[in-house]
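Trainee: I would like to learn how to read a backbone and its side-chain pairs. Where do we begin?

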Amino acid sequence: VNIHENTYIDAIGGISIGDDVSVAHACSLLSFDHAWTNDDVAIKYNDLVLKEVVLSSDVWIGCGVRILAGANILSRSVVAAGAVVTEGTYPSGVYGGVPAKFLKGI
C-alpha cells in the first residue's frame, strides 16, 4: 500500500484498505458525515454518522480525490484525479467526476 503525502484519513467510522492500493497525494478519506436532524444546534454540533470506507485490493486513487463515508471501491478500479466518490459500491472500472461516475471498464 502506498499513501502519498498530504493525504487526510479520518477513520472514526472505519477504513479498510486491501493489498496493492495506491493513494496519490492530497486525497481525503472520510468515514463520517454530520447529521442535521437536531434543529436546536448548529449542523457541526449534530451527531456524527459513521460509515466504513472500503478500498479493496488493486485500487488506484488519483491525486486530489475525495472519498466520502460509505464508499466501497471494489478490486481493479481506478479513480481519476479530482473525483469525489460518494456513498455506494463501485465495481471494477475507471471512475471520474463530481460526483464520481463509471467511465469505462478495465
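**Reading strands, backbone angles and salt bridges**

Mentor: Arg76 is partly exposed, with a relative accessible area of 47%. Keep in mind that this is a predicted model.

Trainee: In which loop is Arg76 placed?

Mentor: Arg76 sits in the loop between β11 (71-73) and β12 (77-79).

Trainee: What should I look for in its phi?

Mentor: Start with the general idea: most residues other than glycine have a negative phi, and most peptide bonds are trans. Arg76 is not a glycine, yet its phi is positive, at about 60°. Ala26 is another non-glycine residue with a positive phi, near 65°. Ala26 belongs to the loop between β4 (22-23) and β5 (28-30), and Ala26 is partly exposed, its relative accessible area being 28%.

Trainee: Which peptide bond is cis?

Mentor: The bond from Val98 to Pro99 is cis, and its omega is near -5°. Pro99 is part of the loop between β15 and β16. In that hairpin four residues lie between the strands, and Gly97 has a positive phi near 105°.

Trainee: How do I read the pairing of strands, and in which sense do β15 and β16 pair, parallel or antiparallel?

Mentor: In general, strands of a sheet pair through backbone hydrogen bonds, either parallel or antiparallel. Here β15 (residues 93-96) and β16 (residues 101-104) are antiparallel, with three bridges. Gly96 is opposite Lys101 in β16.

Trainee: What is the strand order in the open sheet of four strands?

Mentor: The order is β3-β8-β11-β14, and the pairing is parallel. β3 (15-17) and β14 (88-90) are the edge strands, each of which pairs on one side only. On average, neighbouring strands of this sheet are turned by 10° against each other, direction ignored. Ser16 stands opposite Val54 in β8.

Trainee: Now the side chains. How many salt bridges are there?

Mentor: The cut-off to apply is a side-chain nitrogen of Lys or Arg within 4 Å of a carboxyl oxygen of Asp or Glu. By this rule there are two salt bridges. Lys51 pairs with Glu87, with the closest N and O atoms 3.0 Å apart. This pair links distant parts of the chain, 36 residues apart: Lys51 is in the loop between β7 (48-50) and β8, and Glu87 is in the loop between β13 (84-85) and β14. Lys51 is partly exposed at 28% relative accessibility.

Trainee: Which residue forms a salt bridge with Arg76?

Mentor: Asp58 does, and the closest N and O atoms are 2.9 Å apart. Asp58 lies in the loop between β8 and β9 (59-61) and Arg76 in the loop between β11 and β12, so the pair ties together parts that are 18 residues apart in sequence. Asp58 counts as partly exposed, at 33% relative accessibility.

Trainee: Which residues are in contact with Asp33, leaving aside its neighbours within four places in sequence?

Mentor: They are Asp47, Leu48, Val49 and Ala69. Asp33 itself is in strand β6 (residues 32-34), and its relative accessible area of 40% makes Asp33 partly exposed.

Trainee: Which residues form a nonpolar patch on the surface?

Mentor: Val1, Ile3, Ile9 and Ile17 do, and together they have about 310 Å² of accessible area. Ile3 is in strand β1 (residues 2-3) and is partly exposed, at 40% relative accessible area.

Technical notes
Residues are numbered from 1 along each chain as its sequence is written. This is a predicted model: local features need pLDDT of at least 70, side-chain atom pairs count only at pLDDT 80 or more; totals for chains, interfaces and linings use all residues. Side-chain values use heavy atoms; hydrogens and water are left out. Two strands pair if DSSP finds at least two bridges between them. Helices (H or I, at least four residues) and strands (E, at least two) are DSSP runs, numbered from the N terminus. Buried means under 20% relative accessible area, exposed over 50%, partly exposed in between (1.4 Å probe, protein chains only). Axes are lines fitted to C-alpha atoms, for helices over the stretch in contact, and angles run from 0 to 180 degrees between N-to-C directions. Patches are made of residues with over 30% relative accessible area and no salt bridge: like charges are joined within 9 Å, nonpolar side chains (Val, Leu, Ile, Met, Phe, Trp, Tyr) within 5 Å. Accessible areas come from the Shrake-Rupley method with a 1.4 Å probe; for residues, only the protein chains shown count as cover. Contact means heavy atoms within 4.5 Å.
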